[in-house]
Amino acid sequence: MLVIQNLYKQFGSLVAVNGFNLSVRTGETVVLMGPSGCGKSTTIRTINRLVEPDCGSIMLNGSNILTMEPDELREVRKRIGFVFQHFNLIGRLSTLENVMLGLVMSGMKRETAESKATESLTKVGLENHLHHKPDQLSGGQQQRVGIARALAYEPELMLWDEPTASLDPILVREVLVVMEDLARYRASTMIVVTHELPFALRVADRIVLMDQGNIVEEGKPSQVFINPVSDIGRKYKELIEYQMNTSAQSLSGKA
Amino acid sequence: MKCFLTKTRKTIIRTFFSSSFNRDIVILMTVSIAIGSSLANVVAMSANTYFSSTISTLVGDYGEFDLLVNVREEMKEDGRVQIEKVIEQVFPGAKLKEGPTLNGLTSFLVGLPGQNKTKQTYETIESIFGSVPGLSGISIMTEPRVTVKAVPDGAKSTVIEQIMHIDGVLFAFRDGASVTVIIQSLEKSSYVNAEIEKLLGQYHIIDIAFPVGSEPENPMRLGEQIADAIRDEKAAGYAESVSVDSKSNDMVYMVSTMLELKRFLMAYATKVNITPAAGVTFRTGDIITFQGTGSNAPVPGGSLDAANVLVKVTKAEGDRSAEGMVIQGDGTQVANNQAYAVMNTVIGDPVGTAIFQNPRKQLGDALNQTANFVREIPKIAQDAQKMTGVANNALNSYSGSITAVEQTLGSLASAGTTIQTATSGLANLDTSAIQLQLTNSSRAMSGLVSTLQIIRLVNPDVSSSINELTATQQNLTNLQDTLGAIDNVAANARQARSAIDNIVVNGNSMVANLRTFDVNGARQTLTETGSSIAQLQQFNTPLVAAQLQYLGAAVPNLKDEEMNRSINLMDQFITGQALPSQRIQILTKSSITTEFAGPIINRVVGHNNLSLYTSVVGIIEPDPRAQVMMILTQVKAILAGMISLIVVILFLTLDHTAIMTVIRRKRTVNKTPKEKRWKRLLLGIKNTFTAPECLYGMGVGALILTAMFILSGGGIPYLPWIGVPFLGAVIGLLVANNSEKISPISVDEVTAGEALGLSFDEVMREIVIPNGRPGLLQTLNRRKMKFK
C-alpha cells in the first residue's frame, strides 16, 4: 500500500532522515521506534507532506505523494488520518465541530458530517462530550477527539505520531485501548511512532528501529526484541527485561 | 499586443483571483481603503471646518468687516468707547466687533456701510480714528482687495493712476507703505490680480546710489534731469523721477537724534586728563588701567581684573599729556590716580597719573547747591524787606540831622562874632545832642549800606546809592570829630574863634555836600528794591527746588563703561546708514536696463562714481485670508495624511500580520538554510527585504497608504508623492518582519488543518483568522466561516 524509497530530509546540518526505505502492506501495523531525535516524527510527517522531504519517493497505492499538485495532495490527506502528539485540536471549536471540520470542508453536508462525527466520537467513547471545548477535556479525552477526527474520514492509512507521549499513564491506557482496537479489530493500516513497548509488543506486525535517520533493524517484535542484531535493539531488549523484572519484584513485594 | 494583454489579464485573474482568499484580501484592502480614507477625510474636514469657523468668528466672514483697529490692551475700554463715538459720528450704521487680544493689542473689527467705502475715507482713515486712545494701527480688511507693497513713495501716484484704469477696480489708494486696490466684486478679483501683475511687470525702478562724498547737492533736481535725458532717448519712451525729499525721511531724524545723543553722552562721560611719567609717550588707542574697586593696586606683570578701571587714550597732546575715556568701570571708582600700561590683558609699568573730571558728579553737586540756595531765597527776601524798612527810617532822620547841623553852624557863626564876649557862652553850647544825632545817622547809614549791599546781589542798581551813602557816612564821621573839638574851644577862645570860623566854613561846605545826597532818590530806590523783594517772595521756590531735584534725578545714571559702549553702538548705527538723500529713483519701462540707462545717467551726473540697480515697482501681497485658508488646507492635508498613516499601521497590524505569519511559516517550515554562516547572514538580509511575506507587506502597505492619501487628500510636509508608496512599503516591511510577534499563529492547529486536507484558504478562514487579532479581516471573514 505504501512504499517509501530513499527518503531524505536535512534540517541545516542535521540529517533527520537518511535514505529511509519502508514498505507497508494494507492492514499492517508498523511501529517506528528509536531514541529521541532519530527522525521518527520527521519520517512520519513526510508521508503526508506535512514536512517536505528533500528527496525520495512515497508511493501510496501507486501514486507518488511527493509529486502531487496541491489539490491532489489535499485529497490524499483526507485518505490519511493523522494523530498528533499534542492533539492539535482547534481550540475555538467544540469536540463535535473538531471532528466535523474536515468533513464539512471536503464538501459533506453538515448534517451528514455531524452524524459521522458523532459516530466517530462514540467509537472513542466521547458521546457525552460532543459540545465540550478542548480545554474542558482531559488530555486523554483530547487525544481521543484527535483520533475520532482522524477516523472520521475512514482513512486508508493512519499515522500516529507519539500519540501517548503527552499523557499520564492512566490516560495513556485510554488511548492505547482505542489504538489496539483499531489495529486488531478494524484491520487498519497504521504506522505508529511510539515509545510504548507493551503496545508495540502486543499490536505491531512489524517493528522498525531507527537511529540517526537510518533504519537499524526491522522485523517482527519477537525477532527484534528477543534476538536483536542492532545496538538499539539490544537496548530495548534490556529495557524490556528490566521492566519485566521490576514489575515482578513489585508484585511479589520484594524491593 | 492586444492578445498578449488579454492573455496576461486572464493569467493574473486566474492565478491571483482564482483563490477565494485572494479575492478576500482584495475586498479587505478595498474596505480598508474606504474606511481609512473616510475616517481621514472626516477628521481632516472636521478640523478644517472648526478652524475655518474659528477664523471667521475672529475676523468675520469674507467681506464682513472692512477695518481692523488695533488698540493697546490696557486702554481697550476707552478705545472701544471712542471707536463707537467715531462710528456714530462718521460712519452711522457701521458694525463693530471686538476681536482677539494678542501680544498686548486688542483688535476691533469695523464693518463700514456701503456709502462710506470711498477712496477718501480710506485715505483719511488714520486721522478719522486718530482720537482713539491707545491706537496702535489700522489695517484695511475690505474684500475683495489687492495690496501692492514695496511701491516707492514717489511712484505711488503713477501706480495708482494706472491701476484705476483697470476694469473691475473700484478705486486704489495709498495705504501706508503700500497701495491698496479695492475690487468691485469677487468675480473680477482674478482678472484684476492678473492685470496688476502685468502692469507691475511693465515697469521697474532704476535706483541710483551715491557713495559718501559723492552725494548730489540737489538730488530731486538731478533726478528730473536724468529722467528727461532718458526720455529724450528715442527707445526709452517713459521715464519719471520718483525720488523723495529726504527731509521728511524718518531715518534722517533717527540719525540726527543718534548724533545728538552721542554728543550728549560724550559730554557727560568722565574726562580723564593723563600726565605721563618721565619717558612715557601716549598714543591714541593706548589702554591704561587704574585701581578701581579692588582692594589692591594693579601689579605690573599681573592680569587685568574686572575691578580695575580701564581708560582708552582718545587724544594725545603735543606736550605728551593725553585725554582719555573710561571703557571699563567708572571714573568715580578710581581709588588712586596712578596709571599703569596694559598690553594684551597684562598690566605693565606705571606710565603716569591722571585726573578724573566727572561732569555727572559736578552737575549733581551744582544742582544740589542750587536747590539749597533756592530754598534760602524766601528768608533772604524777608530779611531784605526788614533792612529796607530800617533804611527808610534812617533816611527819614537824615534830613532832620542835616537841618540840625545847619542850624548849629549858624549858631556857631553868630557865636564866632561874639566868641570873645561870649566865651563863657561857648561853654553853654551843647553839642552832645548834635553828636548823638550824627552818631545815629551814621549808624543808620551803616545799616542802610549793609542792607543795600545784600540787595545789590539781586538788584545791582543800588550800587550808586551804596557809594553815596558810604561817602555821606564818611562826612558824618568827620563832622562828629569837628564837634568834639568844640568842647575844647573854651580853653582857647582865640583859637576857638578861628576854630569856630573854620568849623563854620567847613561845616557849611560839608552841609552843602550832604545836601547833594539825593534822599528822595535813595528812598525811591529803596521803594523799588522793596517791591522787587516782594516779587521775589512771590516765587514758588519749593517748586523750583523740587524741579532741580527732579532734574538731578532724571539725569541718566550711567556708568562710564556703559556710556562708552553706547557711544560705540551709536557709531556703528550711524556709520551703517546711507541717508536717503544719496539715492535717486527713476521709474521707467522694464525694457530699459541699467546697461542702456547707465551711460545716460553718467553723462547727466558728470561722473560714474555711483551704483545702479533695478527694483520692482511693487509686489502683490497675498491675500491674508487666502493665505490662512491655504495653510488650513495644508493642515487638513497633514491631518488626513497622519490619520491615513495611523490607519494603515492599524490595518496592517490587526489584519495582515496573520496572513504574513502564515506566508512566513510556509516559507520557513520546509526550507531551512544549509549555507555557511556568512552566506546565511547574507541570505537573512536578503530575506528581510525579498521574502514573500515582506513583499506582501510592502505591497499592501504601499497600495493602501497611497490610495488613502489620494482619496483623503492627505499630504506630509516635505514628502513628495513618490515618497508615499515608499513610506507605505517601509511600514509594511516593518510589520512583516515583526508579524510573528504581533500575530502569532497556532502552528499545531494549522498543521492539523493541513493534515485534514484543508486548503490554504480554509486554514486561513477557519483556523488562522478567527484566532488572530480582532480587526476588519476577522469581521469580513465571519461571513465566510463555516464554523462561526
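**A hairpin and its neighbours**

Strands β14(B) and β15(B) form a hairpin with two residues between them, and B:Asn344 in the turn has a positive phi of about 55°. The model is a predicted one, in which local features need pLDDT of at least 70 and side-chain atom pairs count only at pLDDT 80 or more, while totals for chains, interfaces and linings use all residues. Residues are numbered from 1 along each chain as its sequence is written, chains are lettered from A and ligands numbered from 1 in the order in which they are written, and side-chain values use heavy atoms, with hydrogens and water left out.

Strand β15 covers residues 346-357 of chain B and is joined to β14(B) by five bridges, the two running antiparallel. Strands here are DSSP runs of E with at least two residues, helices are runs of H or I with at least four residues, and both are numbered from the N terminus; two strands pair if DSSP finds at least two bridges between them. Strand β14 (residues 338-343) is also joined, by two bridges and again antiparallel, to strand β11 (residues 287-290) of chain B. B:Tyr340 takes part in both pairings: B:Tyr340 is the bridge partner of B:Thr289 and stands opposite B:Pro350 in β15(B).

Helix α10 of chain B (residues 359-417) contains B:Ser401. B:Ser401 counts as buried because its relative accessibility is 4%, where buried means under 20% relative accessible area, exposed over 50% and partly exposed in between (1.4 Å probe, protein chains only). A polar atom of the B:Ser401 side chain lies 2.8 Å from the backbone oxygen of B:Ser397. Beyond its neighbours within four places in sequence, B:Ser401 is in contact (heavy atoms within 4.5 Å) with B:Gln437 and B:Ser441.

B:Val458, by contrast, is exposed, with a relative accessible area of 56%. B:Val458 lies in the loop between α12 (432-456) and α13 (463-486) of chain B. Together with B:Phe373, B:Ile380, B:Ile454 and B:Leu457, B:Val458 forms a nonpolar patch on the surface, with about 520 Å² of accessible area. Accessible areas come from the Shrake-Rupley method with a 1.4 Å probe, and for residues only the protein chains shown count as cover.

Chain B as a whole has 26 helices and 18 strands, and 41% of its 788 residues count as buried.

Methods: Polar contact = N/O pair within 3.5 Å; in protein donor to acceptor, adjacent residues only side chain to side chain. Patch = residues over 30% accessible without salt bridge, like charges linked within 9 Å, V, L, I, M, F, W, Y side chains within 5 Å. Salt bridge = Lys/Arg side-chain N within 4 Å of Asp/Glu carboxyl O.
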